[in-house]
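The following paragraphs lead the reader through selected features of one structure. Please keep the sequence and the model in view while reading.

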Amino acid sequence: MKNCVYQFAMSACLFLAACSGGGTKVAKLEVIPLGAAFDNQTELKTSDCFKKIRYVALETTDSCLVDKGASVTILNDWLVVVSGRNCQLFDKETGRFVRTVGHVGEDPEGCSTVHGGWQNPYTGKLSFAGWKGSFVMYGADGRFDRTWTPPIVSGAFPNISAFTYLDAEVIAGYYSASDSLPARVALFRGNEIIRVDSLLMGQSEENGVAGVNDIAMISVLKDGGSGVVLIKGKDGRSAIYSLGNTYFWNIDKELYFHHSYNDTIYQISAVKGLQPVRVLDLGAYGWAYNERFEDKKDAIYPTKFMENKDVIFFRFMTNVYNDKQKTYNALYRKADGTVKVCLFDERIIDDMNGFLPLQPISVSSSGEFAAILPSEEVVSWFEDNAGKMDIPSEVAALKKVGEEDNPVVAIME
């Protein structure tokens, strides 16, 4: 293919960084001591993570009702709220409903789901999974833009692929390992393949899910993000894959990537490919690639990364193959190297405003985190704090929220 660069051997630097076990320190790379923090769990407070919190009550009318379990991301001046079969834009400053974008349907302009998509702040376009491996793209004005099919086709399930933007023109794609090919990260400009980098992590003859024979059960687990697929075989072996495009995350004009069973975080470049920048020191909780089909007690499986210029906020699971599964929040503060870990269910205690605890679910490329506060929780908080006198004005403004209203979005910087 024209201008196609297949790089099935990584540079020596990349090999040094692509460690399949936990706790490996790599010279000149920033090390995040996650294993040590896991051993010393503590509560997380908003003052640990953010400098500012703002609340946006979403407008509630019959034409813009938000279902339970909604997710929110920030795209330039809009809040992108996905729930049920709808993707809705709200004004980021006022919460005013703007429009619905896209629709689920088998017509030429329809997508298969509005969940698990991505947005490009350079172009203001929103992308959703289409049909037969395609993606359907819409403008923030609500208009259909185009349908795009990746030039490299993902293999049949349980092979997994995920996509996001690199810049205004280039799309990045991740392809999990198959029985014949290693995991890869590819960059596309339209139908042109710019480059393909293979993730060689010491695989022997086993790639993909070759180690899971005669699938006995497939289930989807909640992980505080897009979820993970758990596959169990009749032979007692298992496999797990993250859903959505959680392998990638953006900060400013940079794109980062983390691959399962690898302690290295990479920056992606159209010119240089995958460049190692950070290492997760998992200590005794590392999970080696060649042990991925076997259960390992308390092994850390990272599922989601969210980053801005000050912090990296991420989630991981442990004991994913047994009935002791747990999900955790973790914070890495860049300025002083502090790492804190707490159970996901404990959320982040709001010691700045004394309001509801927060659970960030996304971060924009400009560094604004977003969380959903259900309206019934907001109403209950005011009922429980009826005599409280020192409520910050930004919180007091939420007294107008009714129990049947749309949720409140918390924006953290």
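**Salt bridges, a buried arginine and enclosed spaces**

Lys-388 and Asp-390 meet through their side chains in a salt bridge, at 3.5 Å from N to O; the term denotes a side-chain nitrogen of Lys or Arg within 4 Å of a carboxyl oxygen of Asp or Glu. Lys-388 is partly exposed, with a relative accessible area of 32%, whereas Asp-390 is exposed, at 58%. Here buried means under 20% relative accessible area, exposed over 50%, and partly exposed in between, with a 1.4 Å probe and protein chains only. Elsewhere, salt bridges that share partners join Glu-30, Arg-278, Glu-307 and Lys-334 into one network.

The model is predicted: local features need pLDDT of at least 70 and side-chain atom pairs pLDDT 80 or more, while totals for chains, interfaces and linings use all residues. Residues are numbered from 1 along each chain as its sequence is written, and side-chain values use heavy atoms, with hydrogens and water left out.

The whole structure contains 20 salt bridges. One of them links Arg-333 to Asp-336, with the closest N and O atoms 3.0 Å apart. Arg-333 is partly exposed because its relative accessibility is 21%, and Asp-336 is likewise partly exposed, at 48%.

Arg-195 lies in strand 16, residues 192–199; strands are DSSP runs (E, at least two residues), numbered from the N terminus. Arg-195 counts as buried because its relative accessibility is 6%. Its side chain reaches the backbone oxygen of Val-271 at 2.8 Å.

Attention now turns to the spaces within the model. On a 1 Å grid over the protein atoms alone, a cavity is a set of points where a 1.4 Å probe fits but cannot get out, and a pocket is an open set with protein on both sides within 12 Å along at least five of seven lines; lining residues have an atom within 4 Å of a point. Volume is the space filled by probe spheres set on the points, which are joined across faces, edges and corners.

The second largest pocket has a volume of about 160 Å³. Of its 15 lining residues, Asn-120, Thr-123, Met-137, Arg-146 and Ala-168 are the closest to its centre. Strand 10 gives the most to this lining, with three residues.

There are four cavities of 30 Å³ or more. The second largest cavity has a volume of about 70 Å³, and its lining includes His-258, His-259 and Phe-305. The largest share of that lining, five residues, comes from strand 24, residues 300–307.

Key
Helices (H or I, at least four residues) and strands (E, at least two) are DSSP runs, numbered from the N terminus. A polar contact is a pair of N or O atoms within 3.5 Å; within protein, one must be able to donate a hydrogen and the other to accept it, and residues adjacent in sequence count only if both atoms are side-chain atoms.
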